[in-house]
Amino acid sequence: MNPLIEALLALLVLLGAAFTLVGSVGLVRLPDFLSRLHAPTKSTTLGVGSLLIASGVYFSQGDTLSLHELLVTLFLFITAPVSAHLLARAALHLGLPTRAAPPAVGEPRDGVRS
Amino acid sequence: MLSVALTLALAMVALALALSLWRLMRGPSTPDRILALDTLYINTIALLVLFGIRQQSQIYFEAALLIALMGFIGTLALCKYLLRGDIIE
Amino acid sequence: MLLAILLTLVVGPPLVAWLARFGRLNAAWGAGAVTLAAAYALWPALQGAMAGETQLQRIAWLSAQGLDLHFRLDGLGLLFVLLILGIGLLVILYARYYLTSRDSMGRFYAYLLLFMGAMLGVVLSENLIQLLIFWELTSLASFLLISYWQGRSDARNGARMALAITGAGGLALLGGFLLLGEMAGSYELSVVLASGESIRAHPLYTPMLVLILLGVFTKSAQFPFHFWLPNAMAAPTPVSAYLHSATMVKAGVFLLARLFPALSGTPEWSWLVGGAGLVTLLVGAVVALFQHDLKGLLAYSTISHLGLITLLFGIGTPLAAVAGVFHIINHATFKASLFMAAGIIDHECGSRDMRYINGLWKYMPHTAILAIIASAAMAGVPLLNGFLSKEMFFAEAVGAATQLRLGWLLPAAVTLAGIFAVAYSLRFIHDVFWNGEPIGLDRTPHEPPRWMKVPVELLVILCLAVGIFPSYVVEPLLRVAASGVLQGPMPSFSLALWHGLSPAMWMSVIALVGGISLYIARAPLFEIYARLAERPGMYRRAHHLLERLYLWAGAVTRLSTPERLPHMALWVLLFAMTLALTGALQAGAELQGGRTLLPMDLLGVVTTLVLALAAIATVLLYRQRLVALTLLGAVGLVVSLIFVRFSAPDLALTQLSVEVVSIVLLLLALYFLPQQESRATSPWVVRDLLIALLAGIGMALLTFAVLSREGQSISGFFLEQALPGGGGANVVNVILVDFRGFDTLGEITVLALAALGIYGMLDGIKLQGPEADSDGRRWDPDLYPPVVATLSRLLLPLALLVSMFILMRGHQLPGGGFIAGLITAVALVMQYLANGVAWTQARLPRNHHWLITLGLSLATATGLGSLLFAHPFLTSTFQHLHWPLVGDFELASAMLFDLGVYLVVVGATLLILVNIGLMHRESHTPLTDAEEEV
């Protein structure tokens, strides 16, 4: 294997794993639900994205092109925001305690913070 | 070089999996648990991708693909249940 | 012969049910056409049988196991085929007018044809076991027909009683047939009939005879099993006319006649058969007189006449057998016409109670004449068919009497029965058509539609023709049929009206005169009977017995499965543990086998740990149901990871899809259930925990012991044969669709049935769901958040692409119809979740039944396709193809089969999930167009 590509792959793999880990650490460490929501939906998704790129590069050596990864990535990037949106709605609906009060219904989104 | 990186990465993802599981068991609210389950699904994808590179096999990809799809639908159903109760209406 | 049975049993019922969709009467036309077609198919064979041949038709099935379809048509079969098809046709015509617009014609005729086919099977079988199968089918069809008016509890009870009695008899008959088959060395009737002497000399002759007679007596309503027949009168009258006079109850006496050469001629036979026949003859005749219900009278009279036929076979002389066959013909004609007449009266008066129905002569003279003639035939009045066979019967009774001590009792008893027969026949005539005016009827009776009377007229004409010109009309048929019974030389007999002043003649005269006198002097007898009848009868007693049996069964069931599931689990686990422990102690083998163990790796350790933790957390948090559900989701995910790790990708893919389907299913159910498990803790929690731990550890040890050993399995064969034999590299899929394709076909059939069953149960159920969640929060008003709805639509083509990919490559790489079906179903369920039922159903077919139908048909057709190339069912073929661009790949016929599996899975999953979802009352209100636009 080309050492340059190997280095790139190692970097991508480590980067992806690190982002994934950060997402889960955030999921554990952050104080309230709406904050916690940020960690996995952004960080973990990005991390997996990086891993998928690594995999795509790895399996595309020679004259074959690996397209599976593209499909997984597409799936993840379509679904992650929807999941986050739904979870946020559910949290608002249930009135989960947050540090920052959510905007009241009818108020503009950049409403006054309490 | 790559194999060292892979081992390291696998360990990190495994740790991430364990952390997500902790949140899943801990809660405290139901959206927390759903979020944790969703993260668990995505962590699993990461795990499978890494494992695939290490084993030089693409046989794990369908599972990863399916986890991506199924994880989302599970989250969708659970959230819909919280919001509306009746999920098929 | 096979064709006729297939037509009526397999093709007819669905055809008729389907025709009924295009108008009720089409069902009747269809049933008639099917019957005629069956007659046409049998015609050449019937002609042969009429010429005295015995025709056999063998269709190879499992010849190696000695199991073939084997049919036989001889004189006796000919007679019964004529009865079944002839009276069947008349009943079909009659029922077309009898059933009202509220009754489902399709269902009625479908059941009727089902019965007709089963009955044809009984009389045309050469193999005893095959005969028994058709015998049981007649019991089942009779159950369906008796309970045709399902809303009536007497119909349901009567049907259940009939099934319980005839079913129990069928079981005894099976035992008897097995003994008989072993004695004769073959289950073929030809062999059995030819080895009568060795059978009668066999030490097990008596138990075998008793078992067979139990079957015969229950079916033909012989004392003491007669009580189901009167209660079967809750059936629609065409059913009574067909099953309970002409055909099904004759199956018992048919069997007596069929096995006559093999079994008769011993004292056991004479006493058992003759005794039961005589008692039944008397009891039926006496009780019939005192029935107030028209059909009740006919039912008991039928019992009595069946007793008469049984007694004739019991007497056992060849001439008695001839008389028995003759009476089978005569009874079928006059009793069927009487039932039809009773049905007309019921139809026109709205009542069957003879205390209220009087003086109908004025209102329906035409029907009255028909009923009177048929009734006179039943009484045995000269110039009618009943007279002839009855006189032969009397003569046989006198003949038998000379061979017995106290022999005169037999003719005396028989004459007494004759007296009662005349009396109840007279009551049927006088009490209904004269005897004052009708009392309290809510309508004025009048003649029925013209064509409703035609079947009755035909039968009555037959009664007269046989009675007046017996030697022209019936003698040829009787000779052929009787020779079929005797399988040997015929006794000499002549059918004539006048045999001189024989004892039988005098007995007839006594019966007539005595019967008329008895009827005139009936009033005090009725009072005595009414007082006696207050005591619980056989039916009531049997009913209580059955009820008690249900209670006992319930108690036994509760012992193992009480209200709470844990008890059942406890028993099962304890039993399994005891078994395993005993086995382990006896074997005394090492725990670890000879295989070298694999090293532990990170993935294995992590997944196992996560699995254990998630499982423990599920147990700890199970009271909060939603939480337990999310934890279960994690457990399922990790299990599928383990499948991936240990090289079972197909299993992993299935597990993942099933996981989501179960989450959706449980959420659907959870909506209607309390959110919290009750707080009460079982006092046995420690015990339960201990047992659970022990069972778990035991299971783990067992798995370890098995996996660490080199086992012998057939997997090697499959691995070697998958590519050369099945044309696929994915062994799992090749096993599913090719090697064990028949299994899979059965499984998808079960799946389809389960889906339809669930649909049937849920149909029409509308539940009121809670308005707010468990914390009292009202539901979110936003039904379909646009972000979710839009992106889910975007996801659908991607998901379908994946499922198609997995379907197509399933034969070579992990995947296949089952997984692909689940993925498609889940992707479509996603649309229901995100966009709602109205939106989705506007774009997809509402009705998923056709998907299931299509899938099952495709799978079956693929299987049948191999028959065209003279290969066994479900043989797979495959072909290497080269597609430009795509490359080399193999195309197997099994992939079509897999497509069928795919369709069934999609249809069944959607049908179940969507219909459970629609159970909620408000979900069902369709949105208006305007709302749908939004």
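Student: Which residue stands opposite His70(C) in S2(C)?

Tutor: Strands (E, at least two residues) and helices (H or I, at least four) are DSSP runs, numbered from the N terminus, and two strands pair if DSSP finds at least two bridges between them. Here Arg58(C) is the residue opposite His70(C). Strand S1 (residues 55-62) of chain C and strand S2 (residues 67-73) of chain C are paired in the antiparallel sense, over 7 bridges. The two form a hairpin with 4 residues between them, and Gly66(C) in the turn has a positive phi of about 70°.

Student: On what kind of model does this rest, and how are residues numbered?

Tutor: The model is predicted: local features need pLDDT of at least 70 and side-chain atom pairs count only at pLDDT 80 or more, while totals for chains, interfaces and linings use all residues. Residues are numbered from 1 along each chain as its sequence is written, and chains are lettered from A and ligands numbered from 1 in the order in which they are written.

Student: How many of the 8 residues of S1(C) are buried?

Tutor: A residue is buried if 20 or more other C-beta atoms, placed from the backbone, lie within 10 Å of its own, exposed if 12 or fewer, and partly exposed in between. In S1(C) the number buried is 0, so the strand lies largely in the open. In chain B, by contrast, buried residues make up 79% of the 89 residues.

Student: How is the packing of two helices described?

Tutor: One gives the angle between their axes and the distance between the axes. Axes are lines fitted to C-alpha atoms, for helices over the stretch in contact, and angles run from 0 to 180 degrees between N-to-C directions. Helix H4 (residues 105-124) of chain C packs on helix H5 (residues 128-146) of chain C at about 155°, with the axes 8 Å apart. H4(C) is therefore roughly antiparallel to H5(C), a word kept for angles over 145 degrees, with under 35 being roughly parallel, 65 to 115 roughly perpendicular and the rest oblique.

Student: Which secondary structure does chain B have, and what does it share with chain A?

Tutor: Chain B has 3 helices and 0 strands, in the pattern α-α-α. Contact requires C-beta atoms, placed from the backbone, within 7 Å; 42 residues of chain B are in contact with 45 of chain A. On the side of chain B that touches chain A, H2(B) gives the most, with 15 residues.

Notes: Two residues are in contact if their C-beta atoms, placed from the backbone, lie within 7 Å.
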